[in-house]
Amino acid sequence: SNYIMMSGYDEFEYACEAIRCGAQDYLLKPIERQKLQARIEQIVVEKLHGTLQKKEKKNMDPVLGREYDKMSSLIRKIVMIVGMEYGQHVSLRSIADRFHMNATYLGQIFKKKHGISFKEYLNNYRVEQAAELLLRTDKKIYEIAEEVGYHDLDYFINRFIAVKGCTPSKFRKKSREKDI
């Protein structure tokens, strides 16, 4: 098994014992998050021969291509709600109600800040999530459509083509041919 020992004790023999017992490293508390994450990523790549997701995806909106912490608080809250609820019935009106705001006004703010309407953003977000599922799973296309919030398969396929330039099945097939 692969593990990292974390301790508040700065004793050399403790570190030696941890390494002898199979720990990949012995880190002293308090531990900086970045150092721990870097060490875990190093172990994943070197010892487990794994791969890591691109770092920019973790803190970047997949549709807007902007870092979350560079967005206004209101827009960040909107995109976070979409990120959590895109598979359910989420709408500009339901979000505006939560903030006790007018949906039309909120939509104007969103479009002014990012150049696309909330509905376009939601559709594009759902398609991005569907594309990930097409790559990572063998689920049927209608199952993926349902999972990302589309209950009309034809509408989903049309939205997918509009965003990705091909049907979901062609997208999956092309990505698998690249992997071979």
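**Exercise 1. Find the volume of the second largest pocket, and say which residues and elements line it.**

Solution. The second largest pocket of this predicted model has a volume of about 310 Å³. Here a pocket is an open set of points on a 1 Å grid over the protein atoms alone, where a 1.4 Å probe fits, with protein on both sides within 12 Å along at least five of seven lines, and lining residues have an atom within 4 Å of a point. Grid points are joined across faces, edges and corners, and the volume is the space filled by probe spheres set on the points.

Next, take the lining: of its 16 residues, Val90, Lys119, Leu122, Asn123 and Arg126 are the closest to the centre. The elements that give two or more residues are helix H6 (103-114) and H7, and the largest share, 5 residues, comes from H7. Helices (H or I, at least four residues) and strands (E, at least two) are DSSP runs, numbered from the N terminus.

Two conventions apply throughout. Residues are numbered from 1 along each chain as its sequence is written. Because the model is predicted, local features need pLDDT of at least 70 and side-chain atom pairs count only at pLDDT 80 or more, while totals for chains, interfaces and linings use all residues, and side-chain values use heavy atoms, with hydrogens and water left out.

**Exercise 2. Check the span of helix H7 (residues 118-136), and name some of its buried residues.**

Solution. The expected span is 1.5 Å times one less than the number of residues. For the 19 residues of H7 this gives 27 Å, which agrees with the 27 Å between its end C-alpha atoms. Buried means under 20% relative accessible area, exposed over 50%, and partly exposed in between (1.4 Å probe, protein chains only). Among the buried residues of H7 are Leu122, Asn123 and Arg126.

Thr137 lies in the loop between H7 and helix H8 (141-147), and it counts as buried because its relative accessibility is 19%.

**Exercise 3. Describe how strands S1 and S2 pair, and what unit they make with helix H1.**

Solution. Two strands pair if DSSP finds at least two bridges between them. S1 (residues 4-7) and S2 (residues 25-28) pair in the parallel sense over 4 bridges, and the bridge partner of Ser7 in S2 is Leu28. Together with helix H1 (residues 12-20), the strands make a right-handed β-α-β unit: with the strands pointing away from the viewer, the path from the first strand over the helix to the second runs clockwise.
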